[in-house]
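Me: I am new to this structure and would like to go through the terms used for it one by one. Please set each value against its definition before you conclude.

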Amino acid sequence: ASHFESTVSIEVEAHWEPSTLNGVLGSARPGGFFNAFDGAPDADLWYPSALANRLAKKDLAPDKPEIVLRFNSNALWHFGLDGKPAPSTYDLSSTVLHEIGHGLGFLSNAEYDKFFGTGYIIQPTPFDAYVQLADGKHFTDFCARSIELGKAMISPLSWNGPRAITANGGVKPKLYAPRPYEDGSSITHLDEDVFTQGNQNAVMTPVIEPGEVFSSPGAIALAMI
């Protein structure tokens with residue numbers, strides 16, 4: 001809350017339930033996506049609820065939460081707020097911090113079809129608009145559904161927002177884009193090998209290790225949002 005100012009309250013709906021997906025600690029999604037509203041900087045992009053409301057200066061969907069979180073109740077959690085989990089447990093507050101980042105807009109709407117090798121992006125987000133390939137192309141330069149976009153989604157990717165580049169010492173932050181594509185992890189995270197454990201910006205990498213603790217979103221994630 002201290003890093004994301006908005007005149008519109010942000011309602012978070014949280015679910016605490018066992019997960020059937022092995023190794024998944026949590027997930028997040030915006031309550032919805034909005035485009036072409038009054039105050040939208042780019043009418044062709046789809047803004048997640050909390051960000052759209054902030055820009056519109058009103059609640060665009062009063063009957064829906066802005067962020068929906070789900071956490072795996074079967075995981076070995078450290079519930080304290082002391083930042084001192086046992087080496088074998090996962091820090092819940094750090095995981096919540098990570099998922100709220102996604103809920104605020106740290107996410108791509110690009111999807112990958114593993115059978116056909118095609119990528120498709122029907123509602124590109126502001127995050128997508130800054131995803132860049134090594135040759136300078138952005139996700140928004142591709143057709144909404146194409147093999148070319150599919151190839152791009154498993155290529156080396158970085159994030160080209162100027163504030164994030166400044167926060168990363170003048171270098172475009174590298175995104176997590178493994179080959180083969182990983183559902184729920186690819187593109188929507190910072191690279192695990194660049195932002196390693198102990199780095200303050202590792203909070204938005206795809207894997208939170210047992211015993212790993214984060215007390216803030218990290219300078220790069222804040223700049224990206």
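Me: Which strands form the open sheet whose pairing is antiparallel, and in what order?
Reply: This is a predicted model, in which local features need pLDDT of at least 70 and side-chain atom pairs count only at pLDDT 80 or more, while totals for chains, interfaces and linings use all residues. Residues are numbered from 1 along each chain as its sequence is written, and side-chain values use heavy atoms, with hydrogens and water left out. Three strands form this open sheet, in the order 8-9-11. Helices (H or I, at least four residues) and strands (E, at least two) are DSSP runs, numbered from the N terminus, and two strands pair if DSSP finds at least two bridges between them.

Me: What makes strand 8 and strand 11 edges of that sheet?
Reply: Strand 8 (111-113) and strand 11 (145-146) each have a single partner strand, so one side of each is left without a neighbour in the sheet.

Me: How do you know that strand 8 and strand 9 pair, and how many bridges join them?
Reply: The definition asks for at least two bridges, and three bridges join strand 8 to strand 9 (residues 118-120), the two running antiparallel. Within this pairing, Tyr-112 stands opposite Gly-119 in strand 9.

Me: Which strands form the open sheet with mixed pairing?
Reply: That sheet has three strands in the order 1-5-2. Strand 1 (12-17) and strand 2 (26-30) stand at its edges, because each has a single partner strand and one side of each is left without a neighbour in the sheet. Neighbouring strands of this sheet are turned by 15° against each other on average, direction ignored. Strand 1 and strand 5 (residues 67-72) run parallel and are joined by six bridges, and the bridge partner of Glu-17 in strand 5 is Asn-72.

Me: What makes helix 1 mostly covered?
Reply: Six of the eight residues of helix 1 (residues 49-56) are buried, namely Ser-49, Ala-50, Leu-51, Ala-52, Asn-53 and Ala-56. What covers them includes strand 2, strand 3, strand 4, helix 2 and helix 3.

Me: What is the largest nonpolar core, and which residues have the most contacts inside it?
Reply: A nonpolar core is a set of buried Ala, Val, Leu, Ile, Met, Phe, Trp, Tyr and Cys residues joined through side-chain atoms within 4.5 Å. The largest has 30 residues, with Phe-139 and Met-224 having the most contacts inside it. Strand 10 (131-133), helix 4 (147-153), strand 12 (157-159) and helix 6 are the elements that give two or more residues to this core. A second, separate core of 10 residues includes Phe-4, Leu-25, Ile-67 and Leu-104.

Me: Which residues is Thr-89 in contact with, leaving aside its neighbours within four places in sequence?
Reply: Contact means heavy atoms within 4.5 Å, and, with those neighbours left aside, Thr-89 is in contact with Leu-76, Trp-77, His-78, Pro-210 and Gly-211. Thr-89 itself is found in the loop between strand 6 (77-78) and strand 7 (90-91).

Notes:
Axes are lines fitted to C-alpha atoms, for helices over the stretch in contact, and angles run from 0 to 180 degrees between N-to-C directions. Buried means under 20% relative accessible area, exposed over 50%, partly exposed in between (1.4 Å probe, protein chains only).
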